[in-house]
Amino acid sequence: MAKIFCVANQKGGVGKTTTAVNLAAGLAQLNQRVLLADLDPQGNATMGAGINKATLKETIYEVLLGMSDIKSVRVVSETGNFDVLPANRELAGAEVEMVDLENREKRLKNAMASIADEYDFILIDCPPALSLLTLNGLCAANGVIIPMQCEYYALEGLSDLVNTIKKVHANLNTDLKIIGLLRVMFDPRMTLSQQVSAELEQHFGDKVFKTVIPRNVRLAEAPSYGMPGVCFDPASKGAQAYIAFGAEMVERIKSM
Ligand code: ATP
Ligand code: MG
């Protein structure tokens with residue numbers, strides 16, 4: 001049975017998609033069976049996995065609205081060696097169209113039940129909002145991975161996310177927990193990065209992942225080649241860090 005993780009942070013541009021795509025590729029390199037679900041109408045995870053979002057006949061949108069089965073919608077990331085449940089801008093409509101549907105928060109969870117035993121990990125890339133789409137991700141998941149930049153405003157907004165996770169845990173999904181905070185785009189030369197990083201460790205203890213993802217331009221370049229950074233330049237510091245994070249996650253699920 002797959003362990004299901006949301007990569008979530010309602011802040012924009014903090015490295016959610018880069019984390020979801022590269023963790024998926026890193027886990028695949030560690031021989032894990034992975035499905036990456038793109039829950040963001042921007043479709044960045046889809047593109048980052050090397051899938052052209054513009055030419056898709058069906059996406060996660062049809063799955064959420066009950067018009068198609070995951071098995072017929074999922075595609076393979078040839079570059080990353082994992083499966084993808086893709087998304088494009090069509091998904092933006094789901095936000096409104098799901099409101100009147102039965103079990104609107106659990107549409108993704110229910111849809112995933114039929115394929116969960118085919119994978120070791122299912123990773124869900126969430127949009128930058130605490131929306132009904134993100135809620136579907138949180139209801140489907142066993143845990144949340146929160147990427148954070150070690151900057152002055154990093155903690156701002158974190159309490160909103162933590163409160164949302166607590167509410168979902170109390171009302172909709174007792175399984176849900178915060179797996180950890182992942183420090184991303186880390187620049188060790190910046191004193192501020194060091195300070196914020198130390199603060200995170202102090203406040204959140206073992207909820208902070210050991211792996212730190214450095215700022216690395218190869219990770220930013222990779223999507224334009226339709227490849228996860230882990231596959232685009234495996235020797236780069238960014239790729240190595242995401243493979244190490246994959247190993248940390250493999251270790252982590254042993255005690256779940
Ligand atoms: P959104 O909220 O829009 O979905 P996001 O949280 O998914 O954004 P990303 O798209 O992963 O964030 O990253 C934002 C930008 O930062 C991208 O241009 C990405 O290439 C770049 N980036 C992410 N991680 C790194 C890194 N470790 N080193 C260098 N650049 C990075
Ligand atoms: Mg994103």
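View 1. Helices (H or I, at least four residues) and strands (E, at least two) are DSSP runs, numbered from the N terminus. An unreviewed UniProt entry annotates residues 3-178 as "domain: AAA"; such annotations may be inferred rather than shown by experiment. This is a predicted model: local features need pLDDT of at least 70, side-chain atom pairs count only at pLDDT 80 or more, and totals for chains, interfaces and linings use all residues. Residues are numbered from 1 along each chain as its sequence is written, and side-chain values use heavy atoms, without hydrogens and water.

View 2. Asn22 sits in helix 1 (residues 16-29). Its relative accessibility is 2%, so Asn22 counts as buried (under 20% relative accessible area; exposed is over 50%, partly exposed in between; 1.4 Å probe, protein chains only). Neighbours within four places in sequence aside, Asn22 contacts Leu219, Pro228, Gly229, Val230 and Tyr242. Contact means heavy atoms within 4.5 Å.

**View 3. Aromatic pairs.** The model has four aromatic pairs (Phe, Tyr or Trp rings, the six-membered one for Trp, with centres within 6.5 Å; planes under 30 degrees apart are stacked, over 60 edge-to-face, the rest tilted). Phe5 and Phe121 have ring centres 5.9 Å apart and planes at 35°, so this pair is tilted. Phe5 lies in strand 1 (residues 3-7) and Phe121 in strand 5 (residues 121-125), so the pair ties together parts 116 residues apart in sequence. Both Phe5 and Phe121 are buried.

**View 4. Tyr225 with Phe232.** The ring centres of Tyr225 and Phe232 are 4.7 Å apart and the planes at 20°, so the pair is stacked. Tyr225 counts as exposed, at 55% relative accessibility.

Definitions and conventions. Chains are lettered from A and ligands numbered from 1 in the order in which they are written.
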